[in-house]
Amino acid sequence: MGCQRERLAAPPETLWDERQGPGLCPETGTRTVVGTGVVGGDETILNDGSFGPGPGESIRGSSIAFEAVSHRYPGRGKVPGTEAVEDFSVSIEPGSLVCLLGPSGCGKSTVLNVLAGFEKPTSGRVLVDGREISKPGPDRGIVFQEANLLPWRKVLANITMGPDLAGRPKKETKLKAKRFIQLTGLSGFENHAPYELSGGMKQRVALARAWISEPPILVMDEPFGALDAQTRIDMQELLVGVWEKTGSTILFVTHDVDEALFLADRILVMTPRPGRLAKDIPWPMERPRVYENLVVNPEYAALKREILLAMRRPDYNI
Amino acid sequence: MIGAGRELSPGVAVGISVGTVAAFVGAWHLCGRLGLLSPAILPPPEEIWLTTVEILDIGYHQIPLWKHVGVSVARALAAFALAITAGVPLGLAMGLFPVLSSALEPFVQFFRPLPKIALIPLAILWLGIGEVSKIFLIFLSTLFTVVVGSAASVKGVGQGKLRLGAALGTNSWQLIYHIILPASLPGIFTSVRLAIGVGWTTLIASEMVAADSGMGWMVMNASSYMRTDLVLLGIILLGVTGYILDYVLVLIERACVPWAGKE
(Lines give C-alpha, C1' and ligand atoms only; values in the text may rest on other atoms or scores of the structure.)
Protein backbone atom coordinates (compact mmCIF):
# COMPACT_ATOMS: atom_id res chain seq x y z
CA MET A 1 0.00 0.00 0.00
CA GLY A 2 2.82 2.31 0.88
CA CYS A 3 4.15 2.28 -2.62
CA GLN A 4 0.82 3.07 -4.15
CA ARG A 5 0.02 6.01 -1.92
CA GLU A 6 3.40 7.56 -2.52
CA ARG A 7 3.07 7.12 -6.25
CA LEU A 8 -0.35 8.67 -6.55
CA ALA A 9 0.60 11.64 -4.42
CA ALA A 10 3.04 13.00 -6.98
CA PRO A 11 1.65 15.12 -9.85
CA PRO A 12 1.60 12.97 -13.01
CA GLU A 13 3.50 15.35 -15.26
CA THR A 14 6.53 15.39 -12.97
CA LEU A 15 6.53 11.62 -12.67
CA TRP A 16 7.72 10.84 -16.11
CA ASP A 17 11.46 11.23 -16.42
CA GLU A 18 13.80 9.19 -18.54
CA ARG A 19 16.48 9.09 -15.89
CA GLN A 20 14.06 8.10 -13.20
CA GLY A 21 12.19 5.36 -15.04
CA PRO A 22 9.77 2.95 -13.43
CA GLY A 23 10.56 1.78 -9.92
CA LEU A 24 10.27 -1.47 -8.04
CA CYS A 25 8.02 -1.54 -5.04
CA PRO A 26 10.08 -2.86 -2.13
CA GLU A 27 7.04 -4.34 -0.35
CA THR A 28 5.51 -6.48 -3.07
CA GLY A 29 8.38 -6.85 -5.48
CA THR A 30 6.15 -5.80 -8.36
CA ARG A 31 6.64 -2.93 -10.73
CA THR A 32 5.13 0.38 -9.91
CA VAL A 33 3.72 2.33 -12.77
CA VAL A 34 5.38 5.62 -13.37
CA GLY A 35 3.72 8.40 -15.33
CA THR A 36 1.87 7.21 -18.39
CA GLY A 37 1.71 3.54 -17.69
CA VAL A 38 4.83 2.05 -19.15
CA VAL A 39 4.19 -1.28 -17.50
CA GLY A 40 0.81 -2.77 -16.97
CA GLY A 41 1.53 -3.16 -13.23
CA ASP A 42 -1.41 -1.17 -12.04
CA GLU A 43 -4.15 -0.23 -14.42
CA THR A 44 -6.09 1.92 -11.99
CA ILE A 45 -4.33 5.17 -12.78
CA LEU A 46 -4.60 4.50 -16.51
CA ASN A 47 -8.26 3.79 -16.94
CA ASP A 48 -9.48 7.30 -16.30
CA GLY A 49 -10.81 7.58 -19.84
CA SER A 50 -8.28 10.13 -20.97
CA PHE A 51 -6.51 7.69 -23.28
CA GLY A 52 -9.59 6.70 -25.21
CA PRO A 53 -10.41 2.99 -25.51
CA GLY A 54 -9.27 0.59 -22.82
CA PRO A 55 -6.64 -2.14 -23.06
CA GLY A 56 -6.44 -3.96 -26.33
CA GLU A 57 -9.55 -2.34 -27.75
CA SER A 58 -8.43 0.41 -30.08
CA ILE A 59 -6.72 -1.60 -32.83
CA ARG A 60 -7.68 -4.93 -34.31
CA GLY A 61 -4.49 -6.83 -35.08
CA SER A 62 -4.15 -8.68 -38.38
CA SER A 63 -2.98 -12.21 -38.92
CA ILE A 64 0.26 -12.71 -40.84
CA ALA A 65 1.18 -15.78 -42.86
CA PHE A 66 4.56 -16.38 -44.49
CA GLU A 67 4.12 -19.15 -47.06
CA ALA A 68 7.40 -20.78 -48.14
CA VAL A 69 9.11 -17.42 -48.48
CA SER A 70 12.59 -17.47 -50.01
CA HIS A 71 14.63 -14.45 -50.87
CA ARG A 72 17.82 -14.27 -52.84
CA TYR A 73 19.84 -11.10 -53.35
CA PRO A 74 21.13 -11.15 -56.94
CA GLY A 75 24.88 -11.24 -57.54
CA ARG A 76 26.75 -8.64 -59.53
CA GLY A 77 29.66 -9.50 -61.81
CA LYS A 78 32.02 -11.71 -59.83
CA VAL A 79 30.12 -11.15 -56.58
CA PRO A 80 27.88 -14.18 -56.09
CA GLY A 81 24.25 -13.76 -55.04
CA THR A 82 23.21 -14.39 -51.46
CA GLU A 83 20.47 -16.74 -50.37
CA ALA A 84 19.20 -14.67 -47.44
CA VAL A 85 16.04 -16.56 -46.52
CA GLU A 86 15.01 -20.08 -47.49
CA ASP A 87 11.58 -21.67 -47.26
CA PHE A 88 10.34 -19.59 -44.37
CA SER A 89 6.78 -20.50 -43.33
CA VAL A 90 5.02 -19.17 -40.26
CA SER A 91 1.50 -18.14 -39.30
CA ILE A 92 1.09 -15.42 -36.73
CA GLU A 93 -2.07 -14.93 -34.66
CA PRO A 94 -3.78 -11.54 -34.70
CA GLY A 95 -2.73 -9.35 -31.79
CA SER A 96 0.30 -11.39 -30.76
CA LEU A 97 3.78 -10.08 -30.08
CA VAL A 98 6.23 -12.31 -31.91
CA CYS A 99 10.01 -11.94 -31.76
CA LEU A 100 12.13 -13.06 -34.66
CA LEU A 101 15.48 -13.94 -33.19
CA GLY A 102 18.69 -14.91 -34.87
CA PRO A 103 22.39 -14.23 -35.21
CA SER A 104 23.58 -11.23 -37.18
CA GLY A 105 23.20 -11.76 -40.93
CA CYS A 106 20.70 -14.62 -40.65
CA GLY A 107 18.15 -12.93 -42.88
CA LYS A 108 15.74 -11.80 -40.16
CA SER A 109 15.73 -8.25 -41.49
CA THR A 110 15.01 -9.67 -44.94
CA VAL A 111 11.94 -11.47 -43.58
CA LEU A 112 10.84 -8.19 -42.09
CA ASN A 113 11.53 -6.21 -45.29
CA VAL A 114 9.41 -8.70 -47.22
CA LEU A 115 6.54 -8.23 -44.74
CA ALA A 116 6.97 -4.45 -44.93
CA GLY A 117 6.81 -4.69 -48.74
CA PHE A 118 10.29 -3.23 -49.30
CA GLU A 119 11.54 -6.47 -50.86
CA LYS A 120 9.66 -8.91 -53.06
CA PRO A 121 10.26 -12.55 -52.16
CA THR A 122 12.02 -14.57 -54.87
CA SER A 123 9.44 -17.27 -54.22
CA GLY A 124 6.57 -17.80 -51.80
CA ARG A 125 4.21 -15.14 -50.53
CA VAL A 126 3.13 -13.20 -47.48
CA LEU A 127 -0.53 -12.90 -46.52
CA VAL A 128 -2.01 -10.31 -44.21
CA ASP A 129 -5.52 -11.28 -43.12
CA GLY A 130 -5.47 -13.70 -46.02
CA ARG A 131 -4.59 -11.12 -48.67
CA GLU A 132 -1.22 -11.22 -50.41
CA ILE A 133 0.87 -8.09 -49.91
CA SER A 134 2.83 -6.57 -52.77
CA LYS A 135 4.02 -3.15 -51.64
CA PRO A 136 4.54 -1.05 -48.51
CA GLY A 137 1.47 0.54 -46.99
CA PRO A 138 0.16 2.30 -43.91
CA ASP A 139 -1.53 -0.91 -42.69
CA ARG A 140 1.94 -2.03 -41.59
CA GLY A 141 3.63 0.48 -39.29
CA ILE A 142 7.41 0.34 -39.34
CA VAL A 143 9.92 1.19 -36.66
CA PHE A 144 13.44 1.08 -37.99
CA GLN A 145 16.81 0.48 -36.35
CA GLU A 146 17.44 4.20 -36.67
CA ALA A 147 14.64 6.48 -35.49
CA ASN A 148 14.66 7.92 -39.03
CA LEU A 149 12.92 11.15 -38.04
CA LEU A 150 12.62 13.99 -40.52
CA PRO A 151 14.76 16.82 -39.12
CA TRP A 152 12.73 19.53 -40.88
CA ARG A 153 9.64 18.58 -38.90
CA LYS A 154 9.09 19.13 -35.20
CA VAL A 155 8.34 16.13 -33.00
CA LEU A 156 4.57 16.59 -33.29
CA ALA A 157 4.69 17.00 -37.08
CA ASN A 158 6.84 13.87 -37.35
CA ILE A 159 4.26 11.91 -35.38
CA THR A 160 1.26 13.17 -37.37
CA MET A 161 2.91 12.85 -40.78
CA GLY A 162 1.08 9.65 -41.80
CA PRO A 163 -2.46 10.86 -41.00
CA ASP A 164 -1.67 14.34 -42.38
CA LEU A 165 -0.55 12.97 -45.74
CA ALA A 166 -3.52 10.59 -45.83
CA GLY A 167 -5.77 13.63 -45.42
CA ARG A 168 -7.31 12.52 -42.11
CA PRO A 169 -9.40 15.15 -40.29
CA LYS A 170 -7.12 17.49 -38.30
CA LYS A 171 -9.20 17.22 -35.14
CA GLU A 172 -9.07 13.43 -35.06
CA THR A 173 -5.32 13.45 -35.70
CA LYS A 174 -4.77 15.95 -32.91
CA LEU A 175 -6.62 13.74 -30.43
CA LYS A 176 -4.73 10.63 -31.50
CA ALA A 177 -1.42 12.49 -31.37
CA LYS A 178 -2.22 13.58 -27.84
CA ARG A 179 -2.97 10.03 -26.82
CA PHE A 180 0.19 8.52 -28.28
CA ILE A 181 2.36 11.39 -27.08
CA GLN A 182 1.15 10.62 -23.56
CA LEU A 183 1.52 6.86 -23.97
CA THR A 184 5.10 7.21 -25.22
CA GLY A 185 6.06 9.74 -22.58
CA LEU A 186 6.71 12.60 -24.99
CA SER A 187 4.53 15.24 -23.33
CA GLY A 188 6.32 18.58 -23.35
CA PHE A 189 8.52 17.64 -26.31
CA GLU A 190 5.96 18.26 -29.09
CA ASN A 191 7.76 21.34 -30.41
CA HIS A 192 11.32 20.08 -30.12
CA ALA A 193 13.37 19.46 -33.23
CA PRO A 194 14.31 15.78 -33.61
CA TYR A 195 18.03 16.58 -33.37
CA GLU A 196 17.46 18.06 -29.93
CA LEU A 197 16.42 14.65 -28.55
CA SER A 198 18.41 11.75 -27.07
CA GLY A 199 18.46 8.37 -28.83
CA GLY A 200 15.77 6.93 -26.56
CA MET A 201 13.49 9.93 -27.03
CA LYS A 202 13.92 9.70 -30.81
CA GLN A 203 12.75 6.09 -30.76
CA ARG A 204 9.72 7.13 -28.69
CA VAL A 205 8.83 9.55 -31.50
CA ALA A 206 9.32 6.77 -34.05
CA LEU A 207 7.01 4.51 -31.99
CA ALA A 208 4.34 7.20 -31.70
CA ARG A 209 4.61 7.91 -35.44
CA ALA A 210 4.12 4.22 -36.28
CA TRP A 211 1.25 3.82 -33.82
CA ILE A 212 -0.78 6.92 -34.58
CA SER A 213 -2.13 5.41 -37.82
CA GLU A 214 -3.31 2.50 -35.64
CA PRO A 215 -1.82 -0.10 -37.97
CA PRO A 216 -3.10 -3.67 -37.59
CA ILE A 217 0.55 -4.73 -37.88
CA LEU A 218 3.65 -3.19 -36.41
CA VAL A 219 6.97 -4.24 -37.90
CA MET A 220 10.03 -3.51 -35.78
CA ASP A 221 13.61 -3.95 -36.92
CA GLU A 222 15.88 -4.01 -33.85
CA PRO A 223 14.47 -0.64 -32.83
CA PHE A 224 16.25 -0.55 -29.48
CA GLY A 225 19.55 -2.09 -30.63
CA ALA A 226 21.42 1.21 -30.63
CA LEU A 227 20.26 2.30 -27.16
CA ASP A 228 22.13 1.89 -23.90
CA ALA A 229 21.05 -1.03 -21.68
CA GLN A 230 19.02 1.07 -19.22
CA THR A 231 17.12 2.99 -21.88
CA ARG A 232 16.55 -0.25 -23.79
CA ILE A 233 14.73 -1.83 -20.83
CA ASP A 234 12.62 1.31 -20.39
CA MET A 235 11.69 1.22 -24.07
CA GLN A 236 10.82 -2.50 -23.95
CA GLU A 237 8.48 -1.81 -21.03
CA LEU A 238 7.02 1.12 -22.92
CA LEU A 239 6.42 -1.04 -26.00
CA VAL A 240 4.66 -3.80 -24.04
CA GLY A 241 2.63 -1.20 -22.15
CA VAL A 242 1.34 0.47 -25.31
CA TRP A 243 0.84 -2.84 -27.11
CA GLU A 244 -1.37 -4.10 -24.27
CA LYS A 245 -3.49 -0.97 -24.59
CA THR A 246 -3.81 -1.05 -28.36
CA GLY A 247 -3.63 -4.53 -29.83
CA SER A 248 -1.57 -4.43 -33.03
CA THR A 249 0.12 -7.63 -34.14
CA ILE A 250 3.83 -7.02 -33.63
CA LEU A 251 6.68 -8.74 -35.43
CA PHE A 252 9.81 -7.66 -33.62
CA VAL A 253 13.25 -8.52 -34.97
CA THR A 254 16.14 -8.73 -32.54
CA HIS A 255 19.43 -10.53 -31.93
CA ASP A 256 19.09 -10.03 -28.17
CA VAL A 257 17.74 -13.17 -26.45
CA ASP A 258 16.81 -11.32 -23.25
CA GLU A 259 14.87 -8.77 -25.25
CA ALA A 260 12.90 -11.52 -26.98
CA LEU A 261 12.21 -13.29 -23.67
CA PHE A 262 10.97 -10.08 -22.10
CA LEU A 263 8.71 -9.04 -24.97
CA ALA A 264 7.40 -12.05 -26.80
CA ASP A 265 4.35 -14.33 -26.69
CA ARG A 266 6.19 -16.50 -29.14
CA ILE A 267 9.79 -16.66 -30.27
CA LEU A 268 10.92 -17.66 -33.74
CA VAL A 269 14.59 -18.59 -33.91
CA MET A 270 16.37 -18.47 -37.27
CA THR A 271 19.47 -20.35 -38.36
CA PRO A 272 22.53 -18.59 -39.75
CA ARG A 273 22.46 -17.89 -43.49
CA PRO A 274 20.54 -19.00 -45.41
CA GLY A 275 17.92 -18.07 -42.84
CA ARG A 276 15.43 -20.79 -42.03
CA LEU A 277 13.10 -21.27 -39.16
CA ALA A 278 15.02 -23.32 -36.58
CA LYS A 279 12.65 -23.15 -33.63
CA ASP A 280 9.14 -21.93 -32.96
CA ILE A 281 8.72 -21.50 -29.23
CA PRO A 282 5.54 -20.36 -27.49
CA TRP A 283 6.39 -18.30 -24.42
CA PRO A 284 3.26 -17.85 -22.34
CA MET A 285 5.04 -16.25 -19.37
CA GLU A 286 2.46 -14.20 -17.50
CA ARG A 287 2.34 -10.44 -17.76
CA PRO A 288 3.19 -7.97 -16.43
CA ARG A 289 6.72 -9.28 -16.63
CA VAL A 290 9.25 -7.76 -14.32
CA TYR A 291 12.78 -7.78 -15.63
CA GLU A 292 14.42 -8.18 -12.25
CA ASN A 293 12.22 -11.17 -11.38
CA LEU A 294 12.35 -12.69 -14.83
CA VAL A 295 16.13 -13.09 -14.86
CA VAL A 296 16.04 -15.41 -11.82
CA ASN A 297 13.08 -17.45 -13.10
CA PRO A 298 14.22 -21.07 -13.85
CA GLU A 299 11.93 -21.37 -16.89
CA TYR A 300 13.48 -18.23 -18.29
CA ALA A 301 17.00 -19.56 -17.78
CA ALA A 302 16.18 -22.90 -19.37
CA LEU A 303 14.58 -21.31 -22.40
CA LYS A 304 17.42 -18.84 -22.79
CA ARG A 305 19.87 -21.77 -22.85
CA GLU A 306 17.77 -23.60 -25.42
CA ILE A 307 17.60 -20.53 -27.65
CA LEU A 308 21.29 -19.75 -27.37
CA LEU A 309 22.12 -23.33 -28.36
CA ALA A 310 19.74 -23.16 -31.30
CA MET A 311 21.24 -19.88 -32.48
CA ARG A 312 24.90 -20.60 -31.93
CA ARG A 313 25.10 -24.37 -32.47
CA PRO A 314 22.25 -25.46 -34.71
CA ASP A 315 23.60 -29.05 -34.85
CA TYR A 316 23.67 -29.51 -31.09
CA ASN A 317 21.09 -31.97 -29.86
CA ILE A 318 19.47 -30.83 -26.66
CA MET B 1 41.35 21.86 -30.19
CA ILE B 2 40.97 19.47 -33.11
CA GLY B 3 37.51 18.25 -33.92
CA ALA B 4 35.11 18.29 -36.83
CA GLY B 5 31.79 19.76 -35.76
CA ARG B 6 33.28 21.51 -32.74
CA GLU B 7 32.90 25.26 -32.95
CA LEU B 8 34.37 28.29 -31.25
CA SER B 9 31.99 30.82 -29.78
CA PRO B 10 31.04 33.38 -32.49
CA GLY B 11 32.87 36.24 -30.70
CA VAL B 12 36.13 34.33 -30.45
CA ALA B 13 35.91 33.09 -34.04
CA VAL B 14 35.34 36.60 -35.45
CA GLY B 15 38.04 38.00 -33.17
CA ILE B 16 40.63 35.54 -34.49
CA SER B 17 39.66 36.25 -38.12
CA VAL B 18 39.86 40.03 -37.63
CA GLY B 19 43.21 39.57 -35.88
CA THR B 20 44.80 37.59 -38.74
CA VAL B 21 43.59 40.14 -41.32
CA ALA B 22 44.94 43.03 -39.23
CA ALA B 23 48.27 41.25 -38.78
CA PHE B 24 48.49 40.63 -42.53
CA VAL B 25 47.77 44.26 -43.43
CA GLY B 26 50.24 45.39 -40.73
CA ALA B 27 52.99 43.18 -42.12
CA TRP B 28 52.25 44.40 -45.65
CA HIS B 29 52.44 48.01 -44.44
CA LEU B 30 55.73 47.32 -42.63
CA CYS B 31 57.29 45.72 -45.72
CA GLY B 32 56.42 48.86 -47.68
CA ARG B 33 57.89 51.12 -44.97
CA LEU B 34 61.12 49.15 -44.87
CA GLY B 35 61.44 49.45 -48.64
CA LEU B 36 61.12 45.72 -49.23
CA LEU B 37 58.43 46.25 -51.87
CA SER B 38 58.60 48.32 -55.02
CA PRO B 39 55.40 50.44 -55.15
CA ALA B 40 55.04 49.68 -58.87
CA ILE B 41 54.90 45.95 -58.17
CA LEU B 42 53.07 45.89 -54.86
CA PRO B 43 51.93 49.26 -53.50
CA PRO B 44 51.58 49.41 -49.69
CA PRO B 45 48.08 49.43 -48.15
CA GLU B 46 48.15 53.15 -47.36
CA GLU B 47 48.65 53.96 -51.04
CA ILE B 48 45.70 51.77 -51.99
CA TRP B 49 43.66 53.61 -49.36
CA LEU B 50 44.61 56.97 -50.92
CA THR B 51 43.66 55.65 -54.37
CA THR B 52 40.33 54.48 -52.96
CA VAL B 53 39.58 57.93 -51.56
CA GLU B 54 40.52 59.50 -54.89
CA ILE B 55 38.42 57.11 -56.98
CA LEU B 56 35.49 57.51 -54.60
CA ASP B 57 35.72 61.22 -55.29
CA ILE B 58 36.23 61.38 -59.05
CA GLY B 59 35.30 57.86 -60.19
CA TYR B 60 37.17 55.73 -62.72
CA HIS B 61 36.76 56.75 -66.35
CA GLN B 62 34.01 59.18 -65.35
CA ILE B 63 32.05 56.38 -63.74
CA PRO B 64 31.63 56.40 -59.94
CA LEU B 65 33.16 53.48 -58.06
CA TRP B 66 29.82 52.26 -56.66
CA LYS B 67 28.56 51.99 -60.23
CA HIS B 68 31.46 49.71 -61.20
CA VAL B 69 30.64 47.52 -58.22
CA GLY B 70 26.90 47.70 -58.89
CA VAL B 71 27.22 46.82 -62.58
CA SER B 72 29.30 43.73 -61.80
CA VAL B 73 27.02 42.59 -58.99
CA ALA B 74 23.95 43.11 -61.17
CA ARG B 75 25.47 41.02 -63.99
CA ALA B 76 26.47 38.28 -61.56
CA LEU B 77 23.14 38.22 -59.70
CA ALA B 78 21.15 38.10 -62.94
CA ALA B 79 23.26 35.15 -64.09
CA PHE B 80 23.03 33.38 -60.71
CA ALA B 81 19.27 33.83 -60.57
CA LEU B 82 18.89 32.32 -64.04
CA ALA B 83 21.29 29.49 -63.25
CA ILE B 84 19.51 28.58 -60.01
CA THR B 85 16.04 28.85 -61.59
CA ALA B 86 17.06 26.56 -64.42
CA GLY B 87 19.66 24.41 -62.69
CA VAL B 88 17.89 23.31 -59.50
CA PRO B 89 14.76 21.93 -61.23
CA LEU B 90 16.89 20.33 -63.94
CA GLY B 91 19.16 18.73 -61.33
CA LEU B 92 16.17 17.53 -59.32
CA ALA B 93 14.63 16.02 -62.43
CA MET B 94 17.91 14.29 -63.30
CA GLY B 95 18.12 12.93 -59.76
CA LEU B 96 14.55 11.63 -59.90
CA PHE B 97 14.54 10.19 -63.41
CA PRO B 98 17.53 8.02 -64.36
CA VAL B 99 16.57 8.12 -68.05
CA LEU B 100 16.80 11.92 -68.11
CA SER B 101 20.02 11.73 -66.16
CA SER B 102 21.60 9.39 -68.72
CA ALA B 103 20.36 11.55 -71.58
CA LEU B 104 21.82 14.79 -70.24
CA GLU B 105 24.88 13.52 -68.39
CA PRO B 106 27.28 13.75 -71.41
CA PHE B 107 26.40 17.40 -72.03
CA VAL B 108 26.60 18.37 -68.38
CA GLN B 109 29.94 16.67 -67.85
CA PHE B 110 31.29 18.16 -71.10
CA PHE B 111 30.40 21.73 -70.24
CA ARG B 112 31.04 21.72 -66.50
CA PRO B 113 34.86 21.55 -66.56
CA LEU B 114 35.16 23.52 -69.83
CA PRO B 115 36.95 26.87 -69.26
CA LYS B 116 34.19 29.35 -70.04
CA ILE B 117 36.74 31.84 -71.45
CA ALA B 118 36.97 29.50 -74.43
CA LEU B 119 33.34 30.33 -75.18
CA ILE B 120 33.90 34.10 -75.38
CA PRO B 121 34.22 34.17 -79.20
CA LEU B 122 31.02 32.14 -79.60
CA ALA B 123 29.19 34.24 -77.03
CA ILE B 124 30.09 37.42 -78.95
CA LEU B 125 29.19 35.82 -82.27
CA TRP B 126 25.80 34.61 -81.08
CA LEU B 127 24.75 37.22 -78.55
CA GLY B 128 26.68 40.33 -79.47
CA ILE B 129 28.83 42.45 -77.19
CA GLY B 130 26.07 43.71 -74.90
CA GLU B 131 25.03 42.58 -71.43
CA VAL B 132 23.45 39.35 -72.67
CA SER B 133 26.71 37.67 -73.65
CA LYS B 134 28.35 38.66 -70.34
CA ILE B 135 25.47 37.28 -68.30
CA PHE B 136 25.41 34.20 -70.52
CA LEU B 137 29.05 33.36 -69.69
CA ILE B 138 28.52 33.70 -65.92
CA PHE B 139 25.27 31.75 -66.24
CA LEU B 140 27.01 28.86 -67.99
CA SER B 141 29.79 28.61 -65.45
CA THR B 142 27.24 28.55 -62.60
CA LEU B 143 24.59 26.34 -64.15
CA PHE B 144 26.38 23.01 -64.43
CA THR B 145 27.69 22.95 -60.88
CA VAL B 146 24.14 23.62 -59.67
CA VAL B 147 22.77 20.85 -61.89
CA VAL B 148 25.33 18.26 -60.84
CA GLY B 149 25.04 19.18 -57.15
CA SER B 150 21.24 19.12 -57.13
CA ALA B 151 21.11 15.78 -58.92
CA ALA B 152 23.64 14.31 -56.48
CA SER B 153 21.65 15.61 -53.50
CA VAL B 154 18.53 13.84 -54.71
CA LYS B 155 20.40 10.61 -55.38
CA GLY B 156 21.93 10.86 -51.90
CA VAL B 157 18.61 10.83 -50.03
CA GLY B 158 18.89 7.88 -47.64
CA GLN B 159 17.04 4.62 -48.26
CA GLY B 160 15.63 4.87 -44.74
CA LYS B 161 13.77 8.08 -45.53
CA LEU B 162 12.41 6.70 -48.81
CA ARG B 163 11.23 3.54 -47.08
CA LEU B 164 9.64 5.63 -44.35
CA GLY B 165 7.73 7.53 -47.02
CA ALA B 166 6.56 4.29 -48.62
CA ALA B 167 5.50 2.87 -45.26
CA LEU B 168 3.51 6.02 -44.47
CA GLY B 169 1.65 5.47 -47.72
CA THR B 170 2.85 8.55 -49.63
CA ASN B 171 2.10 8.87 -53.33
CA SER B 172 4.88 9.96 -55.72
CA TRP B 173 4.24 13.69 -55.39
CA GLN B 174 4.00 13.52 -51.62
CA LEU B 175 7.24 11.55 -51.53
CA ILE B 176 8.99 14.21 -53.64
CA TYR B 177 7.49 17.19 -51.84
CA HIS B 178 7.58 15.96 -48.25
CA ILE B 179 10.69 13.78 -48.22
CA ILE B 180 13.02 14.02 -51.22
CA LEU B 181 12.92 17.79 -51.64
CA PRO B 182 13.53 18.79 -48.01
CA ALA B 183 16.12 16.03 -47.61
CA SER B 184 18.00 17.37 -50.66
CA LEU B 185 17.85 21.03 -49.68
CA PRO B 186 21.06 21.16 -47.61
CA GLY B 187 22.99 19.58 -50.50
CA ILE B 188 21.37 21.96 -53.00
CA PHE B 189 22.43 24.94 -50.90
CA THR B 190 25.99 23.66 -50.78
CA SER B 191 26.07 23.22 -54.54
CA VAL B 192 24.65 26.72 -55.08
CA ARG B 193 27.37 28.18 -52.86
CA LEU B 194 30.05 26.30 -54.77
CA ALA B 195 28.52 27.29 -58.09
CA ILE B 196 28.37 30.96 -57.18
CA GLY B 197 32.02 30.82 -56.21
CA VAL B 198 32.80 29.43 -59.67
CA GLY B 199 30.48 31.95 -61.37
CA TRP B 200 32.06 34.90 -59.59
CA THR B 201 35.49 33.90 -60.93
CA THR B 202 34.05 34.13 -64.44
CA LEU B 203 33.07 37.74 -63.90
CA ILE B 204 36.45 39.07 -65.07
CA ALA B 205 36.37 36.87 -68.16
CA SER B 206 32.88 38.06 -69.01
CA GLU B 207 33.86 41.70 -68.57
CA MET B 208 36.70 41.18 -71.05
CA VAL B 209 33.91 41.11 -73.63
CA ALA B 210 33.86 44.74 -74.72
CA ALA B 211 32.76 46.13 -71.37
CA ASP B 212 33.19 49.76 -70.34
CA SER B 213 32.38 49.39 -66.65
CA GLY B 214 32.45 46.82 -63.85
CA MET B 215 35.07 45.66 -61.39
CA GLY B 216 36.53 43.06 -63.73
CA TRP B 217 36.81 45.60 -66.53
CA MET B 218 38.42 48.11 -64.12
CA VAL B 219 41.15 45.62 -63.18
CA MET B 220 41.91 44.77 -66.81
CA ASN B 221 41.82 48.42 -67.88
CA ALA B 222 44.02 49.66 -65.01
CA SER B 223 46.63 47.01 -65.71
CA SER B 224 47.11 48.33 -69.24
CA TYR B 225 48.04 51.70 -67.68
CA MET B 226 50.36 50.03 -65.14
CA ARG B 227 48.11 51.32 -62.31
CA THR B 228 48.95 48.51 -59.88
CA ASP B 229 47.22 50.37 -57.05
CA LEU B 230 43.95 50.34 -59.00
CA VAL B 231 44.43 46.72 -59.97
CA LEU B 232 44.81 45.85 -56.29
CA LEU B 233 41.80 47.97 -55.36
CA GLY B 234 39.72 46.12 -57.97
CA ILE B 235 40.96 42.77 -56.69
CA ILE B 236 40.12 43.70 -53.10
CA LEU B 237 36.64 44.85 -54.16
CA LEU B 238 36.06 41.64 -56.13
CA GLY B 239 37.18 39.55 -53.19
CA VAL B 240 35.17 41.42 -50.58
CA THR B 241 32.02 41.43 -52.74
CA GLY B 242 32.39 37.68 -53.32
CA TYR B 243 32.82 37.20 -49.58
CA ILE B 244 29.65 39.19 -48.85
CA LEU B 245 27.67 37.30 -51.49
CA ASP B 246 28.67 34.00 -49.92
CA TYR B 247 27.84 35.25 -46.44
CA VAL B 248 24.37 36.34 -47.54
CA LEU B 249 23.88 32.83 -48.93
CA VAL B 250 24.99 31.32 -45.62
CA LEU B 251 22.38 33.45 -43.83
CA ILE B 252 19.67 32.35 -46.26
CA GLU B 253 20.78 28.73 -45.84
CA ARG B 254 20.60 28.98 -42.05
CA ALA B 255 17.09 30.41 -42.27
CA CYS B 256 15.86 27.84 -44.80
CA VAL B 257 17.57 24.64 -43.65
CA PRO B 258 18.37 24.98 -39.95
CA TRP B 259 18.61 21.19 -39.73
CA ALA B 260 21.56 20.93 -42.16
CA GLY B 261 24.24 18.67 -40.73
CA LYS B 262 22.14 17.74 -37.69
CA GLU B 263 20.54 14.33 -37.81
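Two strands count as paired if DSSP finds at least two bridges between them. Strands (E, at least two residues) and helices (H or I, at least four) are DSSP runs, numbered from the N terminus. The model is predicted: local features need pLDDT of at least 70, side-chain atom pairs count only at pLDDT 80 or more, and totals for chains, interfaces and linings use all residues. Residues are numbered from 1 along each chain as its sequence is written, and chains are lettered from A and ligands numbered from 1 in the order in which they are written.

In chain A, strand 6 (residues 140–143) pairs with strand 7 (residues 217–221) in the parallel sense, over four bridges. A:Ile142 has A:Val219 of strand 7 as its bridge partner. A:Arg140 and A:Ile142 point one way from strand 6, A:Gly141 and A:Val143 the other, and all are buried (20 or more other C-beta atoms within 10 Å of the residue's own, with C-beta atoms placed from the backbone; exposed is 12 or fewer, partly exposed in between).

Chain A also holds an open, antiparallel sheet of four strands, in the order 2-1-4-5. Its edges are strand 2 (82–92) and strand 5 (131–132), each pairing on one side only. Strand 1 (residues 64–73) and strand 4 (residues 123–128) run antiparallel and are joined by five bridges. A:Glu67 stands opposite A:Arg125 of strand 4.
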